[in-house]
Amino acid sequence: MFPHLKYSEADVDGYISGVAPEMVEASLAKERHDWFDLLNLISGAARPFVPEMRRLAQTVRRRYYGKTVSVYAPLYIGNTCINSCRYCDFRRQHTGTVRRNLTLDEIRAEAEAIHKTGIDSLLVVAGEDPKVNTVAHLAEVGRLLKTIFSYLALEVAPQSEDGYRELFAAGFEGLTCFQETYDQTLYREMHPAGPKADYEWRLNTQLRAGRAGFRILGCAFLLGLGPWRREAASLAAHAFYLMKECYEAKVQFAFPRICRVDGGFVPPCEVNDEELEQMMLAFRIVFPQCCMTVSTREAPAFRDRIVQTAADNMSAGSRVTPGGYAVLEKARAADVAQFTLSDSRSPTEVFAAIRANGQEVVFKNWDNRI
Ligand code: SF4
């Protein structure tokens, strides 16, 4: 845990449980923050300070992002996967999932359906299938989508630095890779087979992408697998390291939460709304310049509130099955998605909610003219 730091779980647990209210006040009063400030702000002692954290986070957020909220949509291009992640219905052993990889024509149809809503930033998602999603294929997808969208990000299997260089040249500028858990023992348990079992290879994904030129480096853990405070401390350590090593790129945080569904994976360490909000506020205060996204895993009320204080970026109208926007319009209900959506509003409804809160929707905040 705690990448590139020499602390043990016991050290960090002991520190966090020993945080006193004066330490939280001191962290809130500082202009520049370090890793220990993050620990102070996620501690139990910081709970009574959440209203103050909300005010401070909102001020900081406004300073860096104004009253704007950027919007994006995920495009699932395939769900075949050779991994065995215990929490995911795309895992190779799961027979209830209809497997599909979209053709280039289908990808174009999906992309056009998304773009019609006004969204101009796209996250391309696929399961890990090295026979299908080769670097050459992903690069072809990137070149196609770059004719439609201003900004492309990628959430696929970790690639080599050379692979990322090729993908960057094809038009991808952002990368998302969830570490899932920073706890090596739990990581082995959750990823018993397949290439994803390699913890270090995954941990260094953002570093390789950053060295290859990627502009946005998305990091996260999966909320619900391990104790959230330890995982958050690890995420922060990872982010500080990347900010030093890849200073030309921007770190982006996500806080994907496993939603419990009947008959589905039972998260061993569930995170409630109050804990999630405290964590997001703490990250906004300690990492004021970093991007932060909130997906449709969260309910509308939570999303609409958190984009005013912490997150600067949100997905809208997401479909999490390959073909879910246009190709499979009629079959969608029978399909298995990667995770359950809690916000099923249309993009138009999401944009209206953002504006109703006095914020401006940003469809395009980057255009690489090179
Ligand atoms: S989480 Fe990703 S790698 Fe794991 S089974 Fe699901 S799609 Fe495959």
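**Loops, cores and rings**

Reply: Start with Ser 342, which lies in the loop between S8 and H14. Helices (H or I, at least four residues) and strands (E, at least two) are DSSP runs, numbered from the N terminus. This is a predicted model: local features need pLDDT of at least 70, side-chain atom pairs count only at pLDDT 80 or more, and totals for chains, interfaces and linings use all residues. Residues are numbered from 1 along each chain as its sequence is written, and side-chain values use heavy atoms, with hydrogens and water left out.

Me: What is the relative accessible area of Ser 342?
Reply: Ser 342 has 32%, so it is partly exposed. Buried means under 20% relative accessible area, exposed over 50%, partly exposed in between (1.4 Å probe, protein chains only).

Me: And which residues is Ser 342 in contact with, leaving aside neighbours within four places in sequence?
Reply: Cys 259, Thr 296, Arg 297, Glu 298, Ala 299 and Pro 300. Contact means heavy atoms within 4.5 Å.

Me: Other loop. Where does Gln 359 lie?
Reply: Gln 359 is in the loop between helix H14 (347-356) and strand S9 (360-362). Its relative accessible area is 8%, so Gln 359 is buried. Beyond its neighbours within four places in sequence, Gln 359 contacts Arg 61, Lys 67, Val 69, Val 307, Gln 308 and Ile 354.

Me: On to S1. Is Tyr 72 buried or exposed?
Reply: Buried, at 12% relative accessibility. Tyr 72 lies in strand S1, residues 68-78. Outside four places in sequence, its contacts include Ile 119, Ser 121, Leu 123, Thr 293 and Asn 313. The C-alpha atoms of Tyr 72 and Leu 123 are 7.2 Å apart, and the two residues are 51 apart along the chain.

Me: Which strand holds Ser 121?
Reply: Strand S2, residues 121-126. Ser 121 is buried at 9% relative accessibility. Leaving aside neighbours within four places in sequence, Ser 121 is in contact with Val 71, Tyr 72, Ala 73, Phe 149, Tyr 151 and Phe 363.

Me: Now the core. Which residues touch the most other members of the largest nonpolar core?
Reply: Leu 145, Phe 253, Phe 255, Met 279, Met 280 and Phe 283, out of 98 residues. Helix H11 (residues 228-245) gives the most to this core, nine residues. Apart from it lies another core of 19 residues, including Val 125, Tyr 151, Cys 291 and Val 320. A nonpolar core is a set of buried Ala, Val, Leu, Ile, Met, Phe, Trp, Tyr and Cys residues joined through side-chain atoms within 4.5 Å.

Me: What does Phe 253 touch, not counting residues up to four places away in sequence?
Reply: Cys 219, Leu 235, Ala 239, Phe 283, Phe 287, Cys 290, Cys 291, Met 292 and Thr 293.

Me: How many aromatic pairs does the structure hold?
Reply: There are 17. In one of them, Trp 35 and Phe 36 have ring centres 5.3 Å apart and planes at 75°, so that pair is edge-to-face. Rings of Phe, Tyr and Trp (its six-membered ring) pair if their centres lie within 6.5 Å; planes under 30 degrees apart count as stacked, over 60 as edge-to-face and the rest as tilted.

Me: Backbone next. What phi does Glu 180 have?
Reply: A positive one, about 75°, although Glu 180 is not a glycine. Most residues other than glycine have a negative phi. Glu 180 is in strand S4, residues 172-180, and is buried at 6% relative accessibility. His 4 also has a positive phi, about 65°.
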